[in-house]
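Hi,

Here is the structure I promised to pass on. Have a look at it first, and my notes on some of the strands follow below.

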Amino acid sequence: MARLIRTEKEVEGKYTEQWVVVEGEDEALDQWPQGPRAVVGTPARRQDGLQRARGEAEYTADLQLPGTLHAAVLRSPYAHARAKVDLTRARATGWVRGAIGPGDCHVLQEEPSFHGAPVAAVAADSLREARAGLELIDVEWEELEPLLDPEEAVKRESFVDDTRHYSRGDVEAAFAEADVVVEGEFRTQVVLHNALETHQAVCRWEGETLEVYISTQFIWGVRDSISSQLGLPPDRVRVVCNYMGGGFGAKNSPGDHTYIAIALASQTGHPVHCALTRREENLAAGNRNATSQRLRAGARSDGTLVALEGEYVNAIGWAGFNGPTYGPIEMLYACENVRTVTYGAKLNLPPNAAFRAPGFVEGTFGLECLLDELAGRLELDPLELRRRNYADKDLVDDRPFSSKNLLECYDRAEPHWARRDEVRARSEGPWQRGVGLASQIWYGGGGPPSYAWVRVGSDTRATVITAMQDIGTGTRTAMAQIAAEELGLPLERVRCELGDSARGPYASISAGSSTTPSMGPAVRAAAADAARQLLEIAAQRFHLEERVLSLRGGQIVSADGGSWPLEEITGLLEDAQILGKGARGPNPAGMRVLTFGIQVAEVAVDVETGEVVVERIAAIHDVGRVINPLGARSQVEGGIIQGIGHTLSEARLVDPVSGKVLTQTLDAYKLPTIADVPEIVTDLLDIPDEHLTNLGSKGLGEPPIVPTAAAIVNAIRDATGAEVHELPVSREAMLRALAEAREREKRGAPAAV
Amino acid sequence: MELRQPSSLAELDGADGLALAGGTDLVPLLRDGLVEAETLVDVRAVVPRGIDGGTIGAGTTLAELEVDPESPQALREACALAASPQLRSMGTIGGNLLQATRCWYWRLKYPCFLHGGSTCHARQGAHREHAIFGNEHCASAHPSDPAAALLSLGTTLRTDRRELPLADLYRLPTEDDRDVTALEPGELILELEVPKPEASTYLKAMDRTRFTFALVGVAAARFGSETKIALAGVAPIPWLLESADDLDRATPLPGTAYKVDLARALVRRALDALA
């Protein structure tokens with residue numbers, strides 16, 4: 001029976017109350033006992049690995065619908081301008097098949113307010129012709145003064161979102177009583193997602209239905225946004241994404257390119273493909289915004305934090321969201337007195353977009369570096385300082401945690417941390433070595449609504465059907481593993497079909513580390529529903545009671561020791577099929593569901609040239625039950641590598657005069673390469689959260705990138721005494737910090753370590 | 001666009017068009033509209049390829065040079081630290097000497113001094129990768145690692161028209177001529193004559209471990225009692241130092257001052273390595 005439940009939904013820390021329909025047996029199922037099982041918890045290679053490697057997997061870019069036209073977008077070359085667009089010459093050609101400007105599509109701007117803002121677009125038979133068509137658009141530009149300085153924006157109250165204020169306790173009084181107060185100003189840069197597949201969509205009208213083939217993290221969100229923007233019933237919008245080449249948070253919504261493709265498809269009656277080039281991707285597809293952070297921490301001499309204060313400026317760009325840079329300082333430690341203010345500066349720069357733990361990556365960098373400086377002042381072991389401030393409940397909402405094994409993470413970090421004497425001793429000549437650590441906190445509980453079906457046929461194979469997307473993390477395989485485990489089938493007999501809103505039930509977003517915890521329990525419930533039906537049939541066939549039967553290793557097993565191949569039952573089905581349905585139940589009421597962890601980094605710093613080499617990172621994370629240890633390790637490694645890029649080499653640069661983006665290509669924007677990848681040790685606790693769903697699994701997409709920058713910078717400080725307060729740690733930043741450290745030493749200030 | 005594929009120097013004679021060898025720099029420049037050409041001339045059958053003692057065919061790839069045991073260490077190291085294995089397998093040493101700057105203003109077609117305009121946008125703008133020498137009119141940085149190595153080695157070039165020291169290939173852009181090389185239109189580098197030093201080395205500071213252009217590259221080569229030092233990434237052209245003291249005369253921009261420190265450290269190391 002379907003049940004209607006009022007529940008709280010969290011996505012990346014934003015809570016909303018909503019109604020959810022739950023059907024099936026999510027809550028009726030007991031969690032599996034801790035530890036690896038036949039399929040779940042056992043390493044599995046990606047089921048679609050070969051298709052991807054062979055080029056057989058069909059991405060949006062590969063789609064070749066008959067009659068497809070290609071779109072090219074005219075973008076503002078100015079950070080702020082007024083554009084008078086004249087499409088006459090473009091439309092007069094025979095080969096420009098469609099042309100649109102401001103007024104034809106809501107994303108095209110008459111007053112473009114950032115470099116790369118879309119102003120007009122054309123469609124033609126080939127991309128080359130479309131680009132040539134752009135030359136025939138006449139634009140009268142009136143350049144306007146851009147606002148580029150975040151501090152100036154705050155002064156002028158130019159904000160994207162409301163300024164956020166938070167406080168608990170009495171911060172001023174607590175600082176007055178603190179034995180030690182440390183403060184610092186930290187800065188982080190703009191970084192770009194640069195998913196391998198650029199943003200793109202193919203849009204086609206099929207009768208009254210709009211088909212949208214798109215590289216997206218959220219099929220159903222795209223469907224909702226488009227239907228409400230166009231005033232279409234949601235069922236008239238079909239959204240398809242079978243394979244995608246990454247998103248990292250920048251593909252949660254349809255994006256300008258999709259609306260441009262829709263407008264051109266409507267104008268021409270043809271399918272239209274609109275794909276961003278790499279340059280466009282680096283201009284206008286979202287970014288992790290820059291931040292500045294003024295932080296203050298007060299502690300007693302034993303290390304107990306008594307007050308924390310943070311003033312954050314998120315340099316958001318023209319649009320986007322005021323991300324939770326304040327999250328870690330409010331949530332990570334058991335500090336009674338905390339105050340933050342967070343400004344979201346609106347600037348004539350490209351809009352931000354969610355990027356792998358937005359806000360927390362930046363906020364953790366500031367907080368965890370300041371904590372190490374505090375440990376230095378107190379002459380206290382940094383790991384011990386963190387233990388002493390362990391929070392056993394959530395102080396923001398005064399709630400218990402559904403599960404928290406951070407102390408266990410700290411214990412497991414101990415052997416890695418204990419390597420520091422040996423690491424430091426390997427310092428030689430200009431190469432100074434050191435070890436640093438940083439704690440991690442992030443969301444990752446997922447939630448309803450999410451639905452799945454499991455179909456079992458006479459071939460004794462099962463198919464998971466759900467209209468979710470695999471962002472590239474291996475979701476297909478993980479979902480198949482869960483169903484296989486519940487059905488007692490080997491993994492190779494189970495596949496997952498996803499990626500089409502017309503061919504499966506509603507599924508959640510692949511963001512906020514929520515895919516596995518949102519979808520997994522629904523898949524297990526659906527598989528359990530199918531298993532129950534199989535056992536019902538078996539009970540009738542073998543004249544046994546259903547409750548003595550179970551499915552194991554492809555067999556129907558009875559309590560008295562009898563067993564029959566499952567084929568004996570599925571063989572009866574002929575063309576009939578078993579269909580199990582499952583829904584994700586609510587999260588535990590009144591509890592805070594979070595992920596935790598710690599990373600320990602080892603670095604070598606050349607104190608003469610400022611070169612920083614990350615030599616080893618140990619990552620210990622508590623994310624509940626692990627479904628696929630191989631896929632999970634891959635997520636940890638990917639997060640850390642992306643974190644190393646964020647820490648050392650990546651920076652989107654703009655011209656300080658004009659506000660134009662300078663780093664549009666991958667020679668100028670420096671992602672890490674394989675030569676920058678250190679030894680990475682992954683240690684996942686794999687302890688199911690007993691309060692969370694029938695799986696006890698949390699998400700892992702984002703946690704691994706959260707503490708990486710702080711751990712590396714703390715290791716740099718351990719190695720050299722230099723206090724780096726800005727990202728990236730470029731040669732000039734490192735040399736500057738080293739020079740400041742030498743100055744401090746000359747002045748006789750206490751050594752930093 | 002037309003592609004011509006002459007099979008001999010005689011056949012090439014008088015042909016218009018832009019020389020194409022490995023294409024690793026030219027093709028992106030054409031694609032981005034920074035260079036325009038009606039005719040491309042594939043010179044791979046015309047330009048010598050291979051190494052014979054100190055004589056290097058201009059069509060020799062960086063990948064071939066980096067593993068050649070006879071070539072001076074500075075050249076091998078400079079080649080090995082350049083670009084990526086794929087690019088080094090395509091890119092030729094002749095083309096490498098002529099590659100265009102990575103200055104983002106120039107690459108994004110700002111009407112800058114190097115493009116014939118009146119100002120250098122980098123001087124007022126973002127310039128952390130830019131020059132500390134010869135940067136009065138144009139602060140771009142020359143990207144070639146092997147050019148600095150070959151400069152320190154005292155290399156001579158043979159073109160289809162003349163011989164000239166490598167140092168004379170390069171010129172700072174001036175009001176009257178914005179080009180950074182002294183080649184005549186259509187002139188083709190055929191061979192490099194590289195003297196054999198007693199010792200040489202190339203050191204490179206980059207933003208990541210591999211596959212990015214030099215912030216500062218330092219080549220040093222010792223011939224008898226004389227050691228020549230040349231730098232990459234510090235001026236619009238590969239830059240020869242008279243001595244390490246020349247670094248005191250650098251004219252860094254606010255955002256490139258660190259390159260002077262970087263160059264000092266690397267020059268000291270290079271000289272130590274050769275001592």
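Let's begin in chain B, where Arg158(B) stands opposite Glu191(B) of strand 8. Strand 8 (residues 189–193) pairs with strand 6 (residues 156–159) of chain B in the antiparallel sense, over 4 bridges. By pairing I mean that DSSP finds at least two bridges between two strands; strands themselves are DSSP runs (E, at least two residues), numbered from the N terminus.

A quick word on the basis: this is a predicted model, in which local features need pLDDT of at least 70 and side-chain atom pairs count only at pLDDT 80 or more, while totals for chains, interfaces and linings use all residues. Residues are numbered from 1 along each chain as its sequence is written, and chains are lettered from A and ligands numbered from 1 in the order in which they are written.

Back to chain B: an open, antiparallel sheet of 5 strands runs in the order 4-5-8-6-7. Its edges are strand 4 (51–52) and strand 7 (163–165), each of which pairs on one side only.

In chain A, look at strand 10 (residues 200–206). Is it mostly covered or mostly open? Mostly covered: 5 of its 7 residues are buried, meaning that 20 or more other C-beta atoms, placed from the backbone, lie within 10 Å of a residue's own. Strand 10 has these antiparallel partners:

- Strand 11 (residues 209–214), over 6 bridges, with Val202(A) partnered by Tyr213(A). The two form a hairpin with 2 residues between them, and Gly207(A) in the turn has a positive phi of about 65°.
- Strand 13 (residues 272–275), over 4 bridges, with Gln200(A) partnered by Ala275(A).

Cheers

Note on methods: Buried ≥ 20, exposed ≤ 12 C-beta atoms within 10 Å, placed from the backbone.
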